[in-house]
Amino acid sequence: MGKMALPYLVFAVLVLWSSSAVAEDAYKYYTWTATYGTAYPLGFPQQVILINGQFPGPTLNLVTNDNVILNLINKLDQPLLLTWNGIKQRKNSWQDGVLGTNCPIPPNSNYTYKFQTKDQIGSYIYFPSTFMQKAMGGFGALNVYARSVIPVPYPKPDGDFTLLIGDWFNAKSHKELQLLLDSGKSLPRYPSGLLINGKKQSTFAGDQGKTYMFRISNVGLKTSINFRIQNHQMKLVEVEGSHVIQNFYDNLDVHVGQSLTVLVTLDQPPKDYYIVASTRFSRRVLSSNAILHYTNSASGVSGPLPPPPMGQMHWSMKQARSFRWNLTANAARPNPQGSYHYGKIPLSRSFVLANSAPIIAGKQRYAVNRVSYINSDTPLKLADHFNISGVFGLNSIQSFPSDGSPYLATSVLPASLHDFIEIVFQNNENTMQSWHLDGYDFWVVGFGKGKWSEVSRKRYNLVDAPTRHTTQVYPNSWTAILVSLDNQGMWNLRSAMWDRTYLGQQLYLRVYSPVHSLSNEYDMPLNALLCGKAAGRHP
């Protein structure tokens, strides 16, 4: 080989790799129509929300860095937004699909979302973020597969199953539940049932000896769920875009808004086996069953259902601590996850956010640091963009809990781009909590009982805590997360329990830089819907 041949060969390989990577940044076009329909999830008719005639909605199967162009047509009789739970919307909170960033799509109108699955892999979901529509459908799975040039830390599975598990309530429509909350009451303590993929029973078929991926997401309103498969162990491989140490589990707790991805090998005698989702931490235990069917099955399901774990909160917290970041594996990018030493970065700011359930003006509300959030007619992102006053204030919520009366406000916490922050979710209530942050994933570094204090930091996992977008907070306990604020925008921080979000347990995190640059944030889209005080303005 000549002296110049090797450099040219390296160059050719780089060009080939680069061309392959660029070619995979595909544009994928969709047209979805949201309508009402009738379904029988619990055996009697209920009005549900269909996407393209489907309940649950269509599964979006995407690849890292795909560009999604999705035209959503609203044929409901209420305004509608879909949010893409866990998709970071890099530099693009304009497409987040929540009322703080977007005007809702009016009935008989449409909006075209344009977003990219930038540097992401994993199992996610989408759902309506308007009113209580999520209670009756409009949700579906969003799966992001790795690019062909990026290895994953496990052999390619022989098949791929998506399971949307969640609680379900006995109501004629979502409006009935909305009216209940608007009247000042709360949802029933227990749901009417649980569903798997919108049904009481489904079947998943596979070949004996083969390994299948199960993507499990809790799409319900308020109930933590335990998931298990009769006589089969589950190897946990991914948590909301984060590759984790691959431990085996007999059962897994999946809290509201969370997603887990497991591998299951069909290594048992050829028959059918129960798949079970059951409620956690409640005296009244409800369950929904599906069937794992071996294609060479010699008999149907038999024997008792696999039992739920004997342990309760402490057991569940111990399981949560067992989820560890796989430091040597990559995620969507080729560099190892452990190359980012999050535990060595100095904190820029700290926030302690305490949830509560106050009565305000005679009605049940939910609050954060005494503030129960109310939506503005003008999305906060538009108010910020057009410099419209009177929509929100940056001093409307305190960074730490304090004594005093609860109140209503449109609460926004200010932060600067490239800050590295700590958020402690303090739960002084005797109920489970689940918190979600749009635009980011975060390191879940600590769980603890009682009240958090600075001494609690000594118990943080600063080496291999997993990253995820939704974390549970146990009753009378705290959960601590660390977040690298590398994504400018207006981002919703909310309870994943939708009745609590609807009645005020949410706020927005304004990640801001005074320097206008497309390297920090994209310009406002030309097709942005304008409403409230932003109506009539030019993008």
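Me: Which residues have the most contacts inside the largest nonpolar core?
Reply: A nonpolar core is a set of buried Ala, Val, Leu, Ile, Met, Phe, Trp, Tyr and Cys residues joined through side-chain atoms within 4.5 Å. Buried means under 20% relative accessible area, exposed over 50%, and partly exposed in between (1.4 Å probe, protein chains only). Here the largest such core has 35 residues, and those with the most contacts inside it are L353, I423, F425, V483, L485 and L493. Apart from it lies another core, of 31 residues, among them V244, Y249, V264 and L266.

Me: What kind of model is this, and how are its residues numbered?
Reply: It is a predicted model, where local features need pLDDT of at least 70 and side-chain atom pairs count only at pLDDT 80 or more, while totals for chains, interfaces and linings use all residues. Residues are numbered from 1 along each chain as its sequence is written, and side-chain values use heavy atoms, with hydrogens and water left out.

Me: Which residues is L353 in contact with, leaving aside its neighbours within four places in sequence?
Reply: Contact means heavy atoms within 4.5 Å. With those neighbours set aside, L353 is in contact with V368, N369, L413, I423, V424, F425, Q426, L493 and L507.

Me: Which strands does strand 29 pair with?
Reply: Two strands pair if DSSP finds at least two bridges between them. Strand 29 pairs with strand 32 (residues 470-473) in the antiparallel sense over 4 bridges, and Q433 has V473 as its bridge partner there. Strand 29 is also joined by 3 bridges to strand 34 (residues 489-495), again antiparallel. In strand 34, the bridge partner of L437 is L493, one of the residues with the most contacts inside the largest core.

Me: Which way do the residues of strand 5 point?
Reply: In strand 5 (residues 82-85), L82 and W84 point one way and T83 and N85 the other way, and all are buried. This strand pairs with strand 7 (residues 122-128) in the antiparallel sense over 4 bridges; the partner of L82 in strand 7 is P128.

Me: Where is there a cis peptide bond, and which residues have a positive phi although they are not glycine?
Reply: Most residues other than glycine have a negative phi, and most peptide bonds are trans. A cis peptide bond joins F55 and P56, with omega about -10°. P56 is in the loop between strand 2 (46-51) and strand 3 (60-63). K91 has a positive phi of about 60°, and N197 has one of about 55°.

Me: Are K91 and N197 buried or partly exposed?
Reply: K91, in the loop between strand 5 and strand 6 (109-116), counts as partly exposed because its relative accessibility is 21%. N197, in the loop between strand 10 (193-196) and strand 11 (203-206), counts as buried because its relative accessibility is 17%.

Note on methods: Helix = DSSP H or I, 4+ residues; strand = E, 2+ residues; numbered from the N terminus.
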